[in-house]
Amino acid sequence: MSVADLPRAGFRRLLRTLLPAVSLCLVLGAIAALNPRAISYLGFSLMLNLAIPIVLVTVAQMFVICGNDLDLSIGPFVSFVACISATLLNDAPLLGVGVLLAGIAVYAGLGALIYLRRLPSIIVTLGMSFIWQGLAVLVLPQPGGTVPDWLVRMVAIKPAFVPLPVLAAFGIAAIAYLILMGPSYGAILRGSGGNTAAIRRAGWSLLRIKLVLFALAGLFGVLAGMALVGVTTSADANIGNGYTLLSIAGVILGGGEFTGGRVSPVGAVLGSLTLTLAASPLLTFLQIPPDWQIGANGVILILVLASRALIGRKGNSAGNADE
C-alpha cells in the first residue's frame with residue numbers, strides 16, 4: 001500500500017469500527033422519525049424491555065467466538081437457567097445456586113472436551129443443546145413457575161434519569177471490555193483465537209484458556225437466563241431457544257469475526273441493542289404485520305452485514321493492489 005492510500009485505508013478501518021454505532025444510530029433515527037414520543041425515558045424502557053438478557057447472551061457468545069468456536073447451545077442453556085430460576089432458585093435457593101454453578105462448570109468442561117479431543121465446537125454444542133433442552137423440560141414441564149421476588153425487583157429498578165436497560169448495557173460492555181481488553185490476560189484470551197502457536201510458545205496453557213472462555217460464556221448465560229425470567233416473571237422450557245442465532249448475529253453485527261479471535265465487547269453490546277430495537281419496535285412503527293417481522297428483521301441484518309463486508313473488501317482490494 002502506498003503512502004497516499006494510508007489515509008483512505010485508515011478511513012475505511014475507522015468506518016468499519018464505527019459501523020455498529022452507526023447502525024444503532026440509524027435504527028434510532030428511523031424510530032424517532034416514525035414516532036418521536038418513543039425517544040423518551042418511558043419509550044426506551046418499553047422498547048428495551050428485553051435488552052438486558054439479549055446483551056448478556058450476546059456477550060456470552062462473544063467469549064466463545066473469541067476462541068474460534070461457536071456455541072449452538074446457548075439458547076437452550078438460557079431456557080434451562082430460566083427454568084431453574086423459576087423453580088429451585090425460589091423453592092430451594094441453595095440448591096438452585098448449586099445447580100447454576102454446576103451449569104457453569106459443565107460449560108467449562110465443554111471447552112476442555114473440545115480442546116482435548118479436537119472436536120468441532122458446532123457439533124459438541126449442538127448435541128449439548130438437546131441435553132439442556134431436555135433438562136429444562138424435566139425441571140419445568142409446563143410454562144409457569146415462581147420467580148424470586150428479589151430477581152423481579154432487581155430488573156424492575158427505575159433509575160432517575162437513564163432507563164435501567166441502557167445503564168445495564170453500558171455496565172455489561174465495560175465489564176466485558178475489562179475482561180478482554182483491559183488486563184494482560186485479555187490479550188492472551190484474544191490471542192488464543194488469533195495466534196495459538198504464539199500463545200503456546202509463550203508458555204500459556206491453551207487448555208486453561210479454553211476453560212476460561214467457556215466458563216465466562218456459561219456465567220453470562222446464567223445471568224441472561226436470570227434476567228430473562230426477571231423480566232417475564234415466568235419461565236418456559238423454550239423461552240430462550242431463539243437467543244442462539246440472535247447472539248451470533250449480535251456478535252457479528254458488532255464487528256466480530258468467526259475466525260482470528262477478532263471480537264469487540266462494545267460492538268457486541270451495540271449490535272445486540274440494534275437487534276433489540278429492530279426486532280420489534282422499528283418494524284411495529286413501520287406497520288409491518290407480525291407475520292412478516294421476522295423476515296424483515298433478517299433483511300435489516302443482511303443489509304448491515306453486507307455493508308460491513310463491502311467496506312472490508314474495498315480495504316483489502318486496495319491494499320493488495322498497491323503491494
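Helices (H or I, at least four residues) and strands (E, at least two) are DSSP runs, numbered from the N terminus. By that rule, the protein chain has 16 helices and zero strands. This is a predicted model: local features need pLDDT of at least 70, side-chain atom pairs count only at pLDDT 80 or more, and totals for chains, interfaces and linings use all residues. Residues are numbered from 1 along each chain as its sequence is written, and side-chain values use heavy atoms, with hydrogens and water left out.

**The chain as a whole**

- Buried means under 20% relative accessible area, exposed means over 50%, and partly exposed lies in between (1.4 Å probe, protein chains only).
- Of the 323 residues of the protein chain, 47% are buried.
- The accessible surface of the chain is about 15,400 Å². Carbon and sulfur atoms hold 69% of that surface. Accessible areas come from the Shrake-Rupley method with a 1.4 Å probe; for residues, only the protein chains shown count as cover.
- A contact means heavy atoms within 4.5 Å. Among contacts in the chain with a separation of 6 or more, 78% join residues 24 or more positions apart.

- A nonpolar core is a set of buried Ala, Val, Leu, Ile, Met, Phe, Trp, Tyr and Cys residues joined through side-chain atoms within 4.5 Å.
- The largest such core has 83 residues. Val59, Met62, Phe63, Phe77 and Leu273 have the most contacts inside it.
- Not counting residues up to four places away in sequence, Met62 touches Ala176, Leu180, Val251, Val263, Ser264, Pro265 and Ala268.
- Thr58 lies in helix α3. Thr58 counts as buried because its relative accessible area is 1%.
- Leaving aside neighbours within four places in sequence, Thr58 is in contact with Leu246, Ser247, Gly250, Val251, Ala268 and Ser272.

**Helix α13**

- Helix α13 covers residues 243-253. It is largely enclosed by the rest of the structure, because 10 of its 11 residues are buried.
- The buried residues of α13 are Tyr243, Thr244, Leu246, Ser247, Ile248, Ala249, Gly250, Val251, Ile252 and Leu253.
- Just after α13, Gly255 takes a positive phi of about 105°.

**Helix α7**

- Buried in α7 are Ser121, Val124, Thr125, Met128, Ser129, Trp132, Gln133 and Ala136.
- The buried residues of α7 pack against α4 and α6 (93-116).

**Gly186 in helix α10**

- Gly186 sits in helix α10 (residues 184-194). With a relative accessible area of 0%, Gly186 is buried.
- Gly186 touches Ile179 and Leu180, not counting residues up to four places away in sequence.
- Ala176 is 10 residues from Gly186 along the chain, and their C-alpha atoms are separated by 9.9 Å.

**The salt bridge**

- A salt bridge is a side-chain nitrogen of Lys or Arg within 4 Å of a carboxyl oxygen of Asp or Glu. The structure holds one.
- Its partners are Asp69 and Lys210, whose side chains meet at 2.7 Å, N to O.
- The pair links distant parts of the chain, 141 residues apart. Asp69 is in the loop between α3 (51-66) and α4 (74-85), and Lys210 is in helix α12 (residues 206-232).
- Asp69 counts as buried at 9% relative accessibility. Lys210 also counts as buried, at 13%.

**A nonpolar surface patch**

- Patches are made of residues with over 30% relative accessible area and no salt bridge: like charges are joined within 9 Å, nonpolar side chains (Val, Leu, Ile, Met, Phe, Trp, Tyr) within 5 Å.
- Leu14, Leu18, Val22 and Leu26 form a nonpolar patch on the surface. Together they have about 360 Å² of accessible area.
- Leu18 is in helix α1 (residues 6-34). At 42% relative accessibility, Leu18 is partly exposed.

**Positive phi in loops**

- Arg118 has a positive phi near 55° and is a residue other than glycine. Arg118 lies in the loop between α6 and α7, and is exposed at 58% relative accessible area.
- Thr233 has a positive phi of about 60° although it is not a glycine. Thr233 lies in the loop between α12 and α13, and is partly exposed at 42% relative accessibility.
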